[in-house]
Amino acid sequence: MKRPQDTPRPSDDPILVRDAEPRDADAVEALVRASNPRRNRLGLPSETVDESLFKVLRVAETSDGLVVGAETYEQLDRDQCWLSGLAVLPGYRKYGIAGLLLQDAVTLARRDRMLTLRYVTETTNDAVHQLSLDHGLRPRGTWLDFRRELDEAACSLGRQKAALDAAAIVRLQPSDRLRVLSLLNASGRTLYVHSGAWRTIDDAVLAKAIEGGAAFFSRSGVGGWGLAIIGARRTDAIEATVYGPDPACAKSLLEHLRGLACESIEGVALTIHAPQDAPIASLLATAVRRREWHAVTEHPLRVWELVLAE
Ligand SMILES: CC(C)(COP(=O)(O)OP(=O)(O)OC[C@H]1O[C@@H](n2cnc3c(N)ncnc32)[C@H](O)[C@@H]1OP(=O)(O)O)[C@@H](O)C(=O)NCCC(=O)NCCS
């Protein structure tokens, strides 16, 4: 085992990585408490919008049966997998245990013939940064997450408010897919967020979003554009990813999403994910200062990606 420090690990015996069992519940709970749950739980509560094909919690156990680390491996679809909840007990950190858990996930991903493996962390998490570089992952952009809770009264007020209409919102047609994808590719943005997990936007995803009325395009008079893709929509929560270089389009999309959220009668949480350098991110940062929105994480997020295809 890798020994980055001079001090010996509490026990030098090998660490076993295995599926969690019901008897591990207390140990896993202790791990969650010892890590920062804000960093590990992003987006909507995944247990209610979970559409993954397969999900397993893997734990790292010492030879004397102590669970010292954990990580969740999830197949988002047939090609992409997502890791979350990586944590190691404080007394066992810096002995390569997170590396073993990550390596285990890569083995599972290869076994399952996944094409990409991803996770997200705050940009300030030096341990995950180093871990990611050590295992050949590459950063896929820096993102910001914002949330606004609209209660019953705010929704009712929002329904009465006239839309601002700074730039036109276009309802996308199936034939618009390739044009929109080429804009996204040109801007280097081909990920969107669904239930807190970053996934690839490809032709099939966009077609499905258009068909389900979950993709909104905004066009300004001077050729600017913006795109919002709703990843998850429930009566009490909406999650959307917003792209595009034009501030007027960003404003229209935000207004449009707020309008959609206000259709709720009982109140709703609207979560927006955006690349850090997109105009919508600065609009929302200003709204955070006015206390109208709040930033979900303290620091920007970095998506890490491992491409597994040969
Ligand atoms: C992140 C975490 C899981 C890392 O676990 P770990 O077992 O200590 O990680 P490893 O020992 O495998 O170390 C991985 C690399 O990061 C480095 N590293 C570990 N902790 C570090 C720190 N605090 N600062 C800088 N580098 C660090 C290690 O030296 C190693 O790099 P090297 O191989 O070049 O020496 C652990 O710190 C933790 O549980 N943190 C709280 C929860 C959390 O932040 N989870 C991640 C959410 S995405």
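Ala, Val, Leu, Ile, Met, Phe, Trp, Tyr, Cys and Pro count here as nonpolar, Asp, Glu, Lys and Arg as charged, and the others, Gly among them, as polar. The model is a predicted one, in which local features need pLDDT of at least 70 and side-chain atom pairs count only at pLDDT 80 or more, while totals for chains, interfaces and linings use all residues. Residues are numbered from 1 along each chain as its sequence is written.

Start with the overall layout. The protein chain holds 9 helices and 15 strands; these are DSSP runs numbered from the N terminus, with helices being H or I of at least four residues and strands E of at least two. Of its 310 residues, 40% are buried, meaning that 20 or more other C-beta atoms, placed from the backbone, lie within 10 Å of a residue's own. Take the contacts (C-beta atoms, placed from the backbone, within 7 Å) between residues at least 6 apart in sequence: 74% of them join residues at least 24 apart.

Next comes the ligand. It is surrounded by 24 residues, and Ser35, Arg93, Ala98, Ala127 and Gln130 are the closest; a residue counts as near if its C-beta atom, placed from the backbone, lies within 6 Å. By class, this shell splits into 11 nonpolar, 8 polar and 5 charged residues. At least two residues each come from helix H2 (37-40), strand E4 (80-88), helix H3 (97-111), strand E5 (116-122) and helix H4 (126-134). The top contributor is H4, with 6 residues.

Now for the helix pairs. Helix H6 (residues 177-186) packs on helix H7 (residues 203-211) at about 125°, their axes 10 Å apart. Axes are lines fitted to C-alpha atoms, for helices over the stretch in contact, and angles run from 0 to 180 degrees between N-to-C directions. H6 and H7 are therefore oblique to each other, as angles under 35 degrees count as roughly parallel, over 145 as roughly antiparallel, 65 to 115 as roughly perpendicular and the rest as oblique. On the H6 side, Arg177, Val180 and Leu181 make the contact, and on the H7 side Asp203, Leu206, Ala207 and Ile210. That contact has 5 nonpolar, no polar and 2 charged residues.

Further along, helix H8 (residues 247-261) and helix H9 (residues 279-289) have axes that come within 8 Å and cross at roughly 60°, which makes H8 oblique to H9. Here Pro247, Ala250, Lys251 and Leu254 of H8 meet Pro279, Ile280 and Leu283 of H9. The H8 contact with H9 has 6 nonpolar, no polar and 1 charged residues.

How values were computed. Contact = placed C-beta atoms within 7 Å. Buried ≥ 20, exposed ≤ 12 C-beta atoms within 10 Å, placed from the backbone.
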